[in-house]
Amino acid sequence: MRVACLLSFLLICGEVLAQPKITVVDQVSITAAHLLTPPAGTDRLILSVVHLDGSGWQPEPVLHALRQATAILSQCGVGIVGVEWVSLATQPHYLDFSTPLARELVRLHPVAKPAIYLVRDTANRRAYDAEAFGRANSPTRPELADTIWVTVGARDLGIVFAHELAHVLMDSGEHSNEPGNLMRSETAPANTALSVTQCTRLRDTARENGLLRR
Ligand SMILES: [Zn+2]
């Protein structure tokens, strides 16, 4: 009897010590019908969106922005045909982007990539509204490859999603000076165009990296 009591005490203690840092509070599949994906695409893209509870993000503007990003990428024949949305309750220090904590978060709750993380803010000194990690710029932080981190309040959100996704799909941080181009360094509502060359590169690289399905 005493042994049983001692054992159960140890088990309870063990559970308390191993308290999860991350719990799933919501999970939703957003379909092509919800994303208004044009049917004529040559390549299919499925995204993960990771929402952090307490980050301040609301689902409606995100869905609107995902639709806009879907429309923008469709000019390259890429159709976003599904988004796996997961909402996570985390310890508060994960709410703001920093490379070490972002790596930890990705390790603790892996999702299919490419993945967009909706965070509260950034702890980086050079504060960007959004950051994308390709494979070429992530050899020292492999967990972050093919992820995008966007802070709440980022303007022109649909353009931001499409711009950062294009960085990931092209595995390139390159920007364009062409007027109206999506890859201008300043995102703006009028900058939505991708050239034929950019589209070819985007599809070729993303297919090679297994990020697009035909
Ligand atoms: Zn950029």
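This is a predicted model: local features need pLDDT of at least 70, side-chain atom pairs count only at pLDDT 80 or more; totals for chains, interfaces and linings use all residues.

Analyst: Happy to! Residues are numbered from 1 along each chain as its sequence is written, and side-chain values use heavy atoms, with hydrogens and water left out.

User: What makes something a strand or a helix?

Analyst: Both are DSSP runs, numbered from the N terminus: a helix is H or I over at least four residues, and a strand is E over at least two. The strand β8 spans 147-151, and the helix α5 spans 157-170.

User: Why is a space called a cavity or a pocket?

Analyst: The test uses a 1 Å grid over the protein atoms alone: in a cavity a 1.4 Å probe fits but cannot get out, whereas a pocket is an open set of points with protein on both sides within 12 Å along at least five of seven lines. Residues count as lining if they have an atom within 4 Å of a point. The volume is the space filled by probe spheres set on the points, which are joined across faces, edges and corners.

User: How many cavities of 30 Å³ or more does a search of the whole structure find?

Analyst: The search finds one. The largest cavity has a volume of about 40 Å³, and its lining is made of Phe-97, Val-119, Thr-122, Tyr-128, Ala-130, Glu-131, Trp-149, Val-150 and Thr-151.

User: What makes a residue in the lining of the largest cavity nonpolar, polar or charged?

Analyst: Ala, Val, Leu, Ile, Met, Phe, Trp, Tyr, Cys and Pro count as nonpolar; Asp, Glu, Lys and Arg as charged; the others, Gly among them, as polar. By that rule the lining of the largest cavity holds six nonpolar, two polar and one charged residue.

User: Now the open spaces: how much space lies in the largest pocket?

Analyst: The largest pocket holds about 620 Å³. It is lined by 23 residues, and Tyr-128, Ala-130, His-163, Glu-164 and His-175 are the closest to its centre. Helix α5 contributes the largest share, five residues. The classes here are seven nonpolar, nine polar and seven charged.

User: Which residues line the second largest pocket?

Analyst: Asp-26, Val-28, Ser-29, Ile-30, His-34, His-51, Pro-59, Glu-60, Leu-63, Trp-85 and Ser-87 do. Its space is about 200 Å³. The largest share of this lining, four residues, comes from β1, and the classes are five nonpolar, four polar and two charged.

User: How do you know that Cys-76 and Cys-199 form a disulfide?

Analyst: A pair of cysteine sulfur atoms counts as a disulfide within 2.5 Å; those of Cys-76 and Cys-199 are 2.0 Å apart, so the pair qualifies. The two ends are 123 residues apart, with Cys-76 in the loop between α3 and β3 and Cys-199 in helix α6. A search of the whole structure finds one disulfide.

User: Why is the disulfide of Cys-76 and Cys-199 called left-handed?

Analyst: The torsion about its S-S bond is about -70°, so the disulfide is left-handed.

User: Is Ser-176 buried or exposed?

Analyst: Buried means under 20% relative accessible area, exposed over 50%, and partly exposed in between, with a 1.4 Å probe and protein chains only. Ser-176 has 12%, so this residue counts as buried. Cys-76 and Cys-199 are both buried too. Asp-156, at 25%, is partly exposed.

User: What makes the pair of Ser-176 and Glu-178 a polar contact?

Analyst: A polar contact is a pair of N or O atoms within 3.5 Å; within protein, one must be able to donate a hydrogen and the other to accept it, and residues adjacent in sequence count only if both atoms are side-chain atoms. The side chain of Ser-176 reaches the backbone nitrogen of Glu-178 at 3.0 Å, so the distance is inside that limit.

User: What about the backbone of Asp-156?

Analyst: Asp-156 has a positive phi of about 50° although it is not a glycine, and it sits in the loop between β8 and α5. Another bond to look at is the cis peptide bond joining Lys-113 and Pro-114, where omega is about 5°.
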